[in-house]
Amino acid sequence: MTERTPGGAGEASPRAMNAKERERFDFAVIAGWIPPGERVLDLGCGDGTLLRYLRETKGVEGYGVEIDHERVLGCIRNGVDVIQIDIERGLSGFEDRSFNHVVISQALQAMHATERILGEMLRVADEAVVSFPNFAYRANRAAIAAGRMPVSEDLPYQWYDTPNVRFFTIADFEALCARLGIEIRERKAFDDAGRAVHDDPNLNGSLAFYRIGLPR
Amino acid sequence: MSQENSAGALGFVVPQRVRFDAPLTLKSGAALPGFELVYETYGTLNAARTNAVLVCHALSGSHHVAGAYAEDPNNVGWWDNLVGPGKPLDTNKFFVVGVNNLGGCYGSTGPLSLNPQTGKRYGADFPLVTVEDWVAAQARLADHLGVDVWAAVLGGSLGGMQALEWSLQFPERIRHAMVIASAPKLSAQNIAFNEVARQAILSDPDFHGGHYAERGVVPVRGLRLARMIGHITYLSDDQMGEKFGRQLRHGTHKFSYDVDFEVESYLRYQGDKFAGFFDANTYLMMTKALDYFDPAYDYDGKLAAALARAKAKFLVASFSTDWRFSPARSREIVFALLENRRHVAYAEIDCDAGHDSFLLDDAHYHAVMRAYLENIEV
């Protein structure tokens, strides 16, 4: 059976979530993995909405990292602690294990230095939470099969204006983790209506969420 | 307001003066028997006294932060684009204080003042004052104004160092520190530039060991050179290129040592202007205050250990083309604060004007300042 998690909205709607709903959904899934009062680093934090949400719902002590000027300004407006640096160059200013969780929500696909970033994340935090759109989702495969690059709620850009630079799938991400010796502690996948997917997530999952860490 | 054009929205302002009679022991060990500070205020201190903001000046700045003077309407404050009603540092919300630092040459006690022990001008006998001493003196001004806790202390460059120092010397008396285009200490290159500037003054035959005022002369050549070298470091290469390029003053090469290129003309103008009003001893002292500032010095060079006592929330901002106080120097402050789990927002602003960017009204820069200041509760 399908379930719409989290939020427990009861009977799941088959309608695809809009951008705002998707954001709230993303936040709620991530927040479910963050214990109260933790120290959290959010990479590619946008205008700080997630950190603000985590602060309000979980009492976390959070810092955001963002490169975009307008989004940094958004963080300052939101009263969120933010550091304007380029994650692609690493996190050298951050001490080892200085955070409980590092989060990268819907941003890993927009960065080039994937391996380096994953390595840095697991250096500065005990555990990382990663969410990304699964490029191998059924609808995306259908678009490609029909000869066009997929455009959807989870991949809302045209090929010529997308900020995404790395197009990868659930299977790709797990293969990379295996190669880098990164332990996958938990995975959640959802279709574009926000229903949890258990059967063949690489085909049926539109959004993927992971808790990853170094083997203990 | 009828004076809008010359005086800005703030209107005409009036400098004030306060004397402190208790001696002040300086970081060097020397003591001043008492001292005076000149200052200006804008806006109104609220009943709870929670809306006071101190603006600290940099090397050549003064207490005249904003507004203009009735008797000199073209003399507009050095940060007037930031401070005033409806401006990012909104005087409808905040009570803003500008002060000329101890040792300055705009009216506060300094080398040009009379030494009560000799009846003559201090000149070179005025003791070296440091950023720490300035903050200690500013704290007396805060007491005088009835300000127990600043809502914020802010400044650019050397002014940013004072904001940082406030958070260390009086952690309970500052809620927000806004450190703009600054650094936790100077680099060897920074000190080297300061040394060249000092040598220009010290080697001027009119310097007379710092007692030039007694002889009725001013080491203008030294001051002029000092300001010229300073100016080169405040601007970016790109901006100089854009502003002057290789433009010729007379349209042709003159094959002489007179002004050929426009940039030479600009530097000479800036140097002359500065030498016409700034005191050489103050300039020497200011550069030493910059050189000495290093809160990590007593902590084995560990900035994070030095900042452990800070309690304020921070805004740190740097400018992409500032090579005198580069973004990397601001990041040192940011990461030291982070290590101490302090609240900090850090913005690295794209602006092509080099170190002087902090004085300009770049739209994004001012939006950052406005956003941060709007969130300060009073």
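## Helix H3 of chain A

The buried residues of H3(A) pack against strand S3 (82-83) of their own chain A, together with strand S11 (313-319), S12 and H11 of chain B. Please keep in mind that this is a predicted model. Which residues of helix H3 (residues 69-77) of chain A are buried? They are A:Val72, A:Leu73, A:Gly74, A:Cys75 and A:Ile76.

At the start of H3(A), A:Asp68 brings a side-chain oxygen to within 3.1 Å of the backbone nitrogen of A:Glu70. After H3(A) comes A:Gly79, with a positive phi near 70 degrees.

## Where the chains meet

Let us turn to the interface itself. On the chain B side, 22 residues are in contact with 20 residues of chain A. The size of an interface is often given as the accessible area lost when the parts come together. For chain B and chain A, about 1,800 Å² is buried between them, and 59% of it is on carbon and sulfur atoms.

What polar links cross this interface? There are 11 residue pairs in polar contact between chain B and chain A, with both residues at pLDDT 80 or more. The elements of chain B that each give two or more residues to the side touching chain A are helix H10 (327-339), strand S12 (344-349) and helix H11 (363-374). Of these, S12(B) gives the most, with six residues. Sorted by class, the side of chain B that touches chain A has 13 nonpolar, three polar and six charged residues.

The count of salt bridges between chain B and chain A is one. In this salt bridge, the side chain of B:Arg341 meets that of A:Glu61, at 3.1 Å from N to O.

## A buried serine in chain B

Our last stop is B:Ser108, found in the loop between strand S8 (95-99) and helix H2 (131-145) of chain B. Is this serine, B:Ser108, buried or exposed? B:Ser108 counts as buried because its relative accessibility is 3%, with the cut-off for buried set at under 20%.

Notes. Residues are numbered from 1 along each chain as its sequence is written. Chains are lettered from A and ligands numbered from 1 in the order in which they are written. Side-chain values use heavy atoms; hydrogens and water are left out. Contact means heavy atoms within 4.5 Å. Buried area is the accessible area (1.4 Å probe) that two parts lose on being put together, summed over both. A salt bridge is a side-chain nitrogen of Lys or Arg within 4 Å of a carboxyl oxygen of Asp or Glu. A polar contact is a pair of N or O atoms within 3.5 Å; within protein, one must be able to donate a hydrogen and the other to accept it, and residues adjacent in sequence count only if both atoms are side-chain atoms. Helices (H or I, at least four residues) and strands (E, at least two) are DSSP runs, numbered from the N terminus. Ala, Val, Leu, Ile, Met, Phe, Trp, Tyr, Cys and Pro count as nonpolar, Asp, Glu, Lys and Arg as charged, and the others, Gly among them, as polar. Buried means under 20% relative accessible area, exposed over 50%, partly exposed in between (1.4 Å probe, protein chains only).
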